[in-house]
Amino acid sequence: QVQFVESGGGLVQPGDSLRLSCTISGFINSSLVWYRQFPGGRREFVAAITNGGATHYADSIDARTTISRDSTKNVVYLQVIDLEPEDTAVYYCGDPVTDSWGQGTQVTVSS
């Protein structure tokens, strides 16, 4: 079974940037998706990337987000710039087709 491991989260200040990593053990046929879960439980799609490199972003965060992949390392990155307190969430990556996800990485934006 393919596994996903997120990393790169932490405590940052408003206006900072972060690059989250999703290390994938194996191959997935479908898009790799990042979503986030806010305090209180609400979940939100963030971005996705296909094996061919096509990308898709949530409208709410499109202008501040870049998803990319390094196929040589089997890692997908999610960069978010100009972070806001409202971006505080646990960020998950995985495959929605098989419903397989990592353990998440916490991002906290606070001054």
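The stops below begin with the overall fold and end at a loop residue.

This is a predicted model, in which local features need pLDDT of at least 70 and side-chain atom pairs count only at pLDDT 80 or more, while totals for chains, interfaces and linings use all residues. Residues are numbered from 1 along each chain as its sequence is written, and side-chain values use heavy atoms, with hydrogens and water left out.

**The whole chain**

Display the protein as a cartoon. It has 11 strands and zero helices; both are DSSP runs numbered from the N terminus, helices being H or I of at least four residues and strands E of at least two. The C-alpha trace spans about 40 × 25 × 25 Å along its principal axes. For 111 residues, a compact globule would have a radius of gyration near 13 Å, and the protein agrees, at 13 Å. That radius is taken over C-alpha atoms, and the globule rule is 2.2 Å times the number of residues to the power 0.38.

Next, colour by accessibility. Buried residues make up 43% of the 111 residues, where buried means under 20% relative accessible area, exposed over 50% and partly exposed in between (1.4 Å probe, protein chains only).

**The aromatic cluster**

Select Tyr35, Tyr92 and Trp101, which form one aromatic cluster. The structure holds two aromatic pairs; rings of Phe, Tyr and Trp (its six-membered ring) pair if their centres lie within 6.5 Å, and planes under 30 degrees apart count as stacked, over 60 as edge-to-face and the rest as tilted.

Tyr35 lies in strand 4 (residues 32-37) and Tyr92 in strand 9, so the pair ties together parts that are 57 residues apart in sequence. Tyr35 counts as buried at 12% relative accessibility, and Tyr92 is buried with a relative accessible area of 15%.

Now turn to Tyr35 and Trp101, an edge-to-face pair at 5.0 Å centre to centre with 90° between the planes. This pair links strand 4 to Trp101 in strand 10 (residues 100-101), 66 residues apart. Trp101 is partly exposed, with a relative accessible area of 27%.

**A loop residue**

Finally, select Glu86. Where does Glu86 sit? Its place is in the loop between strand 8 (75-80) and strand 9 (89-95). Glu86 is exposed, at 55% relative accessible area.
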